[in-house]
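Colleague: Thanks for sitting down with me. Could we walk through the model together?

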Amino acid sequence: MGEFYDLLFGQYKDYSTLHITLEFIAIVFGILSVIFSARNHVLVYPTGLISTIIYVYLLFQWNLYGETIINAYYFYMSIYGWILWSRKDSQHHDLLQITTMTKDDKIKSLIIFTASVAFISVVYIYFDKFTAQWAYIDTFITGLFFVGMWLMARRKIENWLFLIAGDIIAVPLFFIKGYTLTSILNIFLTVIAVIGYLSWKKTLQSKKQIQ
């Protein structure tokens with residue numbers, strides 16, 4: 001039992017109390033954000049903002065520059081999505097409804113993915129961090145999450161597919177880097193994301209039946 005505990009959490013013995021506390025707080029608000037997202041509730045954004053602000057600081061300290069930029073991007077997209085999701089019509093109904101991707105959305109998603117991967121690659125080259133395999137994985141994950149967050153702000157159901165893929169890949173990445181709590185968080189986020197996708201799909205199908 002002790003060996004298993006050391007495997008999962010032994011690396012934290014060298015971390016400062018501040019970093020451990022901040023990671024825990026970021027995880028709590030990250031969980032809340034995904035739960036609100038699965039429920040299609042606008043509180044996904046204020047809770048997400050708190051988590052992303054903390055992770056921007058932590059990830060930079062951990063030399064995960066791709067993930068750092070992802071969370072900085074999350075901060076911007078959270079504000080953008082919060083504005084879009086908060087808009088109401090005269091009957092106080094959401095103006096932005098759950099929909100599927102259009103051809104234009106697919107083209108823009110491809111552009112966002114390609115541009116983000118290229119940008120993060122330049123960052124890693126600048127910091128001379130393309131010396132480890134995880135750097136390439138981090139770059140790919142960045143593209144997935146950039147597209148996923150943009151689609152979420154637009155309330156496109158496919159956002160969940162990109163986020164699920166990114167979360168699954170991120171689990172071993174954070175574990176290899178020694179951040180077990182965040183790795184466990186991504187396992188939980190994957191489960192919630194699947195639930196969120198099924199919930200949004202049910203909502204979308206119900207609206208189609210009404211129409």
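Colleague: What share of the 211 residues in the protein is buried?

Modeller: A caveat to begin with: this is a predicted model, where local features need pLDDT of at least 70, side-chain atom pairs count only at pLDDT 80 or more, and totals for chains, interfaces and linings use all residues. Residues are numbered from 1 along each chain as its sequence is written, and side-chain values use heavy atoms, leaving out hydrogens and water. Buried means under 20% relative accessible area, exposed over 50%, and partly exposed in between, with a 1.4 Å probe and protein chains only. By that cut-off, the buried share of the protein is 47%.

Colleague: How many helices does the protein have?

Modeller: Helices (H or I, at least four residues) and strands (E, at least two) are DSSP runs, numbered from the N terminus. The protein has zero strands, and its helices number eight.

Colleague: How far does H3 reach from its first C-alpha to its last?

Modeller: The expected span is 1.5 Å times one less than the number of residues. For the 18 residues of H3 that gives 26 Å, and the helix comes close to this, reaching 26 Å.

Colleague: Where does a positive phi of about 65 degrees occur?

Modeller: Look just after H3. The residue there with this phi is Asn-63.
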